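Visitor: I am new to this structure and would like to be guided through it. May we begin once it is in view?

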Amino acid sequence: MPAAMMIFSRVPLPGRTKSRLQSRLSPAEAALFHRACLTDLYRLAMSASMKAFLYVAGGDKGEFTREFPEPLPPGFEELGVLSLEGLEFRLQGGGDLGERMYRAAAEVLPFYRPVLLVGSDLPVLTLELLRAALAALSGREVVIGPALDGGYYLLGLKEAYPDLFQGIAWGTGRVREQTLRAARRKGLRVALLPVLRDIDGWNDLVAYREWGRNRPEAAGLISFRLADYLVAKYS
């Protein structure tokens, strides 16, 4: 059965996403950075040669693909209208994050297996990491990509296990450990990917800029170029 990548995202419009970045950025700048991350993630998904879904919260496909309502900085015009052809749009629906993720996994797994659930705030995700996750799932039931903040940036599954999504303190630094404990109680074998830093707040954005300055591959990421622009603007 073919594998699938499932991207979870809010609608990338001002005031509706990346609230923690707004401690330093304007709502429009925070939303624009989200669009840049989505653009890089879309390019990764298209290069991965697997089915890709975009599960949207806080709006519908029309809002998601709406033209950006604010002026764009020079050099970032491509973020005005997101080109996401090839992604299958679906709505996350109601409930907490765990309920929405479980429902989405249960919806896709009868047709694609395994599935890789990822967020939309980790532009440093690579094709090598996706391949490593799929390879690990050949001998494990679950793969977790640990995030530096105690959550996870990727969850790989061959079945939709409800225990992994229940009783989790979503949005806290306990998410990964609680998920691992739930997997152990269920007797599931878990593989861990390298720890990465997703981009939630200003310090994460600054760290991402520093990361990219030492890596030639970052030049191809529009999210890095925008991070460089924004950090320089407010430093």
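Guide: A residue counts as buried when its relative accessible area is under 20%, and as exposed when that area is over 50%. The model shown here is predicted.

Visitor: Which residues of helix α5 are buried?

Guide: Helix α5 covers residues 175-185. An α-helix has 3.6 residues a turn, so residues three or four places apart point the same way. In helix α5 the buried residues are V175, Q178, T179, L180, A182 and A183.

Visitor: Against which strands do the buried residues of α5 pack?

Guide: Packing is judged here by contact, that is, by heavy atoms within 4.5 Å. By that criterion, the partners of the buried residues of α5 are β5 (142-146), β6 (152-157) and β7 (190-192).

Visitor: Which residue with a positive phi follows α5?

Guide: After α5 comes a glycine whose phi is near 75°. This residue is G187.

Visitor: Is P194 buried, exposed or partly exposed?

Guide: P194 is placed in the loop between β7 and α6 (202-213). Its relative accessible area is 46%, and values between 20% and 50% belong to the middle class. P194 is therefore partly exposed.

Visitor: Which residues is P194 in contact with, leaving aside its neighbours within four places in sequence?

Guide: P194 and G145 are 49 residues apart in sequence, yet their C-alpha atoms are 6.4 Å apart in space. With neighbours within four places set aside, the contacts of P194 are L129, P146 and Y153.

Visitor: Which element supplies the largest share of the lining of the largest pocket?

Guide: The largest pocket holds about 1,000 Å³ of space and is lined by 36 residues, with R20, L97, D121, D198 and D200 nearest its centre. At least two lining residues come from each of β1 (4-10), α3 (97-108), β4 (115-118) and β6. The largest share, four residues, is supplied by β6.

Visitor: How many residues of that lining are nonpolar?

Guide: The lining of the largest pocket also includes eleven polar and eleven charged residues. Its nonpolar residues number 14.

Technical notes:
Residues are numbered from 1 along each chain as its sequence is written. This is a predicted model: local features need pLDDT of at least 70, side-chain atom pairs count only at pLDDT 80 or more; totals for chains, interfaces and linings use all residues. Side-chain values use heavy atoms; hydrogens and water are left out. Buried means under 20% relative accessible area, exposed over 50%, partly exposed in between (1.4 Å probe, protein chains only). On a 1 Å grid over the protein atoms alone, a cavity is a set of points where a 1.4 Å probe fits but cannot get out, and a pocket is an open set with protein on both sides within 12 Å along at least five of seven lines; lining residues have an atom within 4 Å of a point. Grid points are joined across faces, edges and corners, and a volume is the space filled by probe spheres set on the points. Ala, Val, Leu, Ile, Met, Phe, Trp, Tyr, Cys and Pro count as nonpolar, Asp, Glu, Lys and Arg as charged, and the others, Gly among them, as polar.
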